[in-house]
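Welcome! Please take a look at the structure shown here, and then read on for a short tour.

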Amino acid sequence: MIISPELKEQVYHCIRCGLCLNSCPVYRQLCFEGASPRGKIQLIKKVLEGQLEASDHFGRLLGTCLLCETCSVTCPSGVKLDRIMKSMRAELIKTFGVSWEKRAVFHLLSSSHLLPFMMFWGRTLENPLRLLLPQRGRAGTIPYAKIPRLNAKPLIHQFPEVVTAAGQPKGRVLYFVGCATNYLFENVGRSLIRLLNRLEVEVIIPQEQMCCGFPICLAGARTTALKNIRHNLDLFDPQKVDAVIVDCATCGAALKREYPQLLEEMGEEKAAAAARRLAQKVLDISQYLARFELAQHLKPLTGKVTYHDPCHLLRTQGIKEEPRNVLRSIPELELIEMEGAEVCCGGGGVFQLDHPELASAITAKKIQTIRDTQADMVATGCPGCRLQIHGNLEDDPVEVFHPVELLAKAFS
Amino acid sequence: MPSPEILKDLTNIFGPERCKTAKEDLLTYSYDACIYEFLPEAVVFPKTTKETAALVMLAAANNLFITPRGSGSGLGAEALAKKGGIVICFSMMNRILEINRANRFAVVEPGVIISDLQKAVERLGLFYPPDPGSATVATMGGAVAMNSGGMRGVKYGVTRDYLLGLEIVLPSGEVMNTGTITAKDVTGYDLTRLICGSEGTLALVTRITVRLLPKPKTKRTLQVIYDSIEAAGDTVSNIIAAGIIPATLELMDRMIIKALEESAHLGLPLDAEAILLIDVDGDMENVERQAAQVAEFCKAQGAREIRVSASEKENEQLWTARRSAFGAVARLRPSCLIEDATVPVSVLTTTINKVKEICARNQVQVAVLAHAGDGNLHPLILFDQRDARELARVEKSMDEIVAYALSVGGTLSGEHGIGISKAKYLPQQLSTPSLRVMRTIKKAFDPQGILNPGSFLDWE
């Protein structure tokens, strides 16, 4: 069993008070207990006690979870529901395996050669291929037409390994470029590097870095992810820099919390120690920017922006005010809070591919709260949320950005 | 498992999605927020009164047991299928149908979450006062069935005080309305208030009309810190005796303070023996005056320190923490029973001391929380359900607490209800004629005994 004795004992600390029920976006949508965090924990308890077989249906119920961690932060008994759920998913994979589609994706993400190779051909063939796709088709909830184009060149290859600052550097950082920035949202990476460069910070971009592996772990394929984790731990030496910077909520969550926890749970003590050392230096870009006086550099940017809290920033990393402060620092940019900014957008990584109807119903609520603000921009620090929100905005003219993109725009 | 014919009929009424019979699904309907478990044979989810009536007719024709359920946050197995049969869960019948500002009432379906209704009416400047600790979990249907009370009881009363009318489905399958939408109504027996608190044994509630109040303009939360629980308890009795009516008056002891601080990090003083959380509400001028009055009063009673929350957000954090007290103490031990014996407020302090003495003598860990203004105690008894000997000591303590509460003129249960956890004590409080009248009422509604069997009147 992958479930550690500590997590097993936690299951008994759920006193079934039900406070998690209505905090759960999935339960709010489906309204039956098996979809709720409490229901899942109680079923896991039965499985661990040998009173219930880890059946197909059990696996399906466990799959109706965004891993948004709202239940874990709501639970007054301190039950770490998301960790128990992730462990159980890993356990289920041993029994049922992974679908071929996901296996293929994980294989790609965990390979240092295949991913760039596929992305190259993806780019080259993209335009002709797009013509072949049915016009009204969707990947999960997202219309094909709203899937962003691949970067012409991976971000990592657009810059030298060390982007030096003019003169004596005021700081030195390692930049962990997530897959999303590297292959899809190059403007985020460019904005980040340009900003740091202007702030006279030296940016080191290890060219051999791999996918953080979190998406693979979340689906339960932990052993597959180990390869990525070990590789990245070797590559990112936190000692020689001020900080290790990430611009992706999920990568940040992986480096700060998931690496140490996962390695501990898997009994990889030596690697866990290295992961803990790395974790201490990892900062989301919004956290790192808080060290600088930004106001003096910024010119006005007119418009109304609303901010969506990514699960992996707010709940996993406890980052709430920093990205808002980045936005607030921009003159004339009006920040309007949406109702329930902290509620998960419904994307949940591959969740939206597995449960398109459920995901789009959850996302529809998010879209409505965005519309209610009448903002013309949404800012969010997670590429997953960005895809999900952008993909479900239909014909709305609202644009979705990473906060650093807006900051870079305002940087004079 | 229902017979194939019954299953076919159930599926015909509800469709396959809203009729669940897989073992995994049934297991998730075998519990509530208490320690008991009973496995139902099927769970169905009506969305309309018509579907509900169709189910009841099917059950009546085939002598099937049906047990109503909302969110499953009950504390005494009231919504569990104690004798098997079908659980009818109202969680998907959850629309707010009307909020009427002109006549200040709202009409809701039973699956609406209490706090959702509160928020919806507050947006319109209205107020639905009943506020059980589980307001963010529990449904309105559950609140009606259990007559839930909660933290604002001291000033605003309980669910029963806000009911104008109900639509119910009788165990025969007939649909019936009780009450009206008017503020006054003395036509016939008050069946609305009979159904309320009947723990789902008389009828299924499918529509609820509640009275609303104008929303108080403002409120202030005082955190009053004490070095002794006696001083805190005495303050409460004296506040009530002095004719001051705060909106809420909550007491928590040292262990609760510690648990809340560990779970919510609010900066509560860990060396305090007790804290009173006091809300005063109303218009600005009144609130200022009352807050000062209460603060002075508490000081005179030996309070060590009085903190007034600086913002609405801080208020919110404090009350959110208070709501999670039940779960927060569960950090300390795996299981937690929440007692709710209620006594006249004048004997609050002696009762708290007695509860502590009983638990100490039986070597049972207890944390004391109370809706103090109502004399409504919530001793939280901590244990490990897997330890049979400890469980026996817990039961003995419960017996003694109940006996003591009754001896000073209190009641078995202030707001959680009887269910099966307190059924055995019923004859200690209710006389033989009283029990006979109740059983006759039950028979009048449900001659076949198909609705929520095994409940407080017939639990063995």
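**A sheet in chain B**

Strand β5(B) and strand β6 (residues 105-108) of chain B run antiparallel and are joined by 4 bridges. This is a predicted model, in which local features need pLDDT of at least 70, side-chain atom pairs count only at pLDDT 80 or more, and totals for chains, interfaces and linings use all residues. Residues are numbered from 1 along each chain as its sequence is written, and chains are lettered from A in the order in which they are written.

Helices (H or I, at least four residues) and strands (E, at least two) are DSSP runs, numbered from the N terminus. Two strands pair if DSSP finds at least two bridges between them.

**More on the sheet**

- Glu98(B) has Val107(B) in β6(B) as its bridge partner.
- The open sheet has 5 strands in the order β5-β6-β10-β8-β9 (chain B), with antiparallel pairing.
- Its edge strands, each pairing on one side only, are β5 (96-100) and β9 (175-179) of chain B.

**Helix α9 of chain B**

- In α9 (residues 254-264) of chain B, the residues Ile256(B), Ile257(B), Ala259(B), Leu260(B) and Ser263(B) are buried (20 or more other C-beta atoms, placed from the backbone, within 10 Å of their own).
- After α9(B) comes His265(B), with a positive phi near 45 degrees.

**Where the chains meet**

- Chain A gives 26 residues to the contact and chain B gives 31 residues (in contact means C-beta atoms, placed from the backbone, within 7 Å).
- α3(A) provides the largest share of chain A's side, 4 residues.

Methods:
Two residues are in contact if their C-beta atoms, placed from the backbone, lie within 7 Å. A residue is buried if 20 or more other C-beta atoms lie within 10 Å of its own, exposed if 12 or fewer, and partly exposed in between; C-beta atoms are placed from the backbone.
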